[in-house]
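Dear colleague,

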Amino acid sequence: MPKQRKLIEPSDFERMRVFRQPIAIFLQGELIGENVIIQSHDDELVVSTTGEKYVKANCEFLSKR
């Protein structure tokens, strides 16, 4: 199983966006998004390439390494 790393800093999210790396998204410990590709992000939201919006304060974002 691939090692996962939590995305915290804006640079973490930007790296995943630029290199189109899939991420997993959890809300209260429940997987709500798998293999999500980031289209854009700001201080509050992450927007996927499919248009889904995830609130950074409520979710945990993990990269697959």
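Predicted model: local features only at pLDDT ≥ 70, side-chain atom pairs only at ≥ 80, totals over all residues.

Residues are numbered from 1 along each chain as its sequence is written, and side-chain values use heavy atoms, with hydrogens and water left out.

**The chain as a whole**

The chain holds one helix and seven strands (helices being DSSP runs of H or I with at least four residues, strands runs of E with at least two, numbered from the N terminus), and their order from the N terminus is β-α-β-β-β-β-β-β. A compact globule of 65 residues would have a radius of gyration near 11 Å, and the 10 Å of this chain agrees with that; the radius is taken over C-alpha atoms, and the globule rule is 2.2 Å times the number of residues to the power 0.38. The C-alpha trace spans about 30 × 25 × 20 Å along its principal axes. Of the 65 residues, 32% count as buried, where buried means under 20% relative accessible area, exposed over 50%, and partly exposed in between, with a 1.4 Å probe and protein chains only. Among contacts (heavy atoms within 4.5 Å) between residues at least 6 apart in sequence, 42% join residues at least 24 apart.

Going through the pairs, β1 and β7 are joined in the antiparallel sense over three bridges, with Lys6 having Leu62 of β7 as its bridge partner. Between β2 and β7, which run antiparallel, there are five bridges, while four bridges join β2 to the antiparallel β3. Ile23 takes part on both sides, standing opposite Ser63 in β7 and having Val36 as its bridge partner in β3.

**The three-stranded sheet**

The other open sheet has three strands in the order β4-β5-β6, again with antiparallel pairing. Its edge strands are β4 and β6 (53-55), each of which pairs on one side only, and the twist averages 25° from one strand to the next. A hairpin joins β4 to β5 through three residues, and these two strands pair over three bridges, with Val47 of β5 as the bridge partner of Ser40. A hairpin is also formed by β5 and β6, with four residues between them, and Gly51 in its turn has a positive phi of about 95°. Three bridges join β5 to β6; in β6, Val47 has Lys53 as its bridge partner and Val46 has Tyr54.

**The helix**

Which residues of helix α1 (residues 10-18) are buried? They are Asp12, Phe13 and Met16, and because they cover an arc of only 95° around the axis, they lie on the same side of α1; the arc is that of the directions from the helix axis to the C-beta atoms. Their cover includes β1 (4-6), β2 (23-27), β4 (38-41), β5 (45-48) and β7 (59-64). The helix α1 also lies across β4 and β5, running at about 150° to β4. Just after α1, Arg20 takes a positive phi of about 50°.

**Ser48**

Finally, Ser48 is placed in strand β5 and is buried, with a relative accessible area of 3%. Its side chain makes a polar contact with the side chain of Thr50 at 2.9 Å; such a contact is a pair of N or O atoms within 3.5 Å, where within protein one must be able to donate a hydrogen and the other to accept it, and residues adjacent in sequence count only if both atoms are side-chain atoms. Leaving aside neighbours within four places in sequence, Ser48 is in contact with Val36, Ile37, Ile38, Gln39 and Tyr54.

How values were computed. Pairing = 2+ DSSP bridges. Axes fitted to C-alpha atoms, helices over the stretch in contact; angles between N-to-C directions.
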